[in-house]
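Here is a short report on one protein chain. Look at the sequence and the structure first, then read on.

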Amino acid sequence: MTATHKKYRLTSLEEPTDEMLNALMEDVAKAARESSAKAEAEKRRRLQMVAKEIEAWRRSSSL
């Protein structure tokens, strides 16, 4: 696979080859997986932070 698909633009007058389309779709899928993984990690981080805050609040309220 070549890097020519990186140069292709949807506004181009020429039709993309099947290889170009496959490469573009692979790039989009990779970016989507990375974005989803980052979002999931951030969600877990925030939930842990909230859980710690709740635990701290419970401890302070028990006094």
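A residue is called buried under 20% relative accessible area, exposed over 50%, and partly exposed in between (1.4 Å probe, protein chains only). By that scale Arg59 counts as exposed, at 56% relative accessibility.

This is a predicted model, in which local features need pLDDT of at least 70 and side-chain atom pairs count only at pLDDT 80 or more, while totals for chains, interfaces and linings use all residues. Residues are numbered from 1 along each chain as its sequence is written, and side-chain values use heavy atoms, with hydrogens and water left out.

**The whole chain**

The protein chain has two helices and zero strands. Both terms refer to DSSP runs, numbered from the N terminus: helices are H or I, at least four residues, and strands are E, at least two. Of the chain's 63 residues, 8% count as buried. The accessible surface comes to about 5900 Å². Carbon and sulfur atoms account for 58% of that surface. Such areas come from the Shrake-Rupley method with a 1.4 Å probe; for residues, only the protein chains shown count as cover.

**Salt bridges**

How many salt bridges does the count come to? There are five. The rule asks for a side-chain nitrogen of Lys or Arg within 4 Å of a carboxyl oxygen of Asp or Glu.

| Pair | N to O distance |
|---|---|
| Glu40 and Arg44 | 3.7 Å |
| Arg45 and Glu42 | 2.6 Å |
| Arg59 and Glu55 | 3.5 Å |

Where do Glu40 and Arg44 sit? They lie in helix α2, which covers residues 18–61. Because they are four residues apart there, about one helical turn separates them. Glu40 is partly exposed, at 32% relative accessibility. Arg44 is partly exposed too, at 46%. Glu40 and Arg44 also belong to a network: salt bridges link them with Lys43.

Arg45 and Glu42 are also in helix α2. Their spacing is three residues, about one turn of the helix. Arg45 has 42% relative accessibility and counts as partly exposed. Glu42 has 28% and is partly exposed as well.

Arg59 and Glu55 are four residues apart in helix α2, so about one helical turn lies between them. Is Glu55 exposed or partly exposed? At 34% relative accessibility, Glu55 counts as partly exposed.
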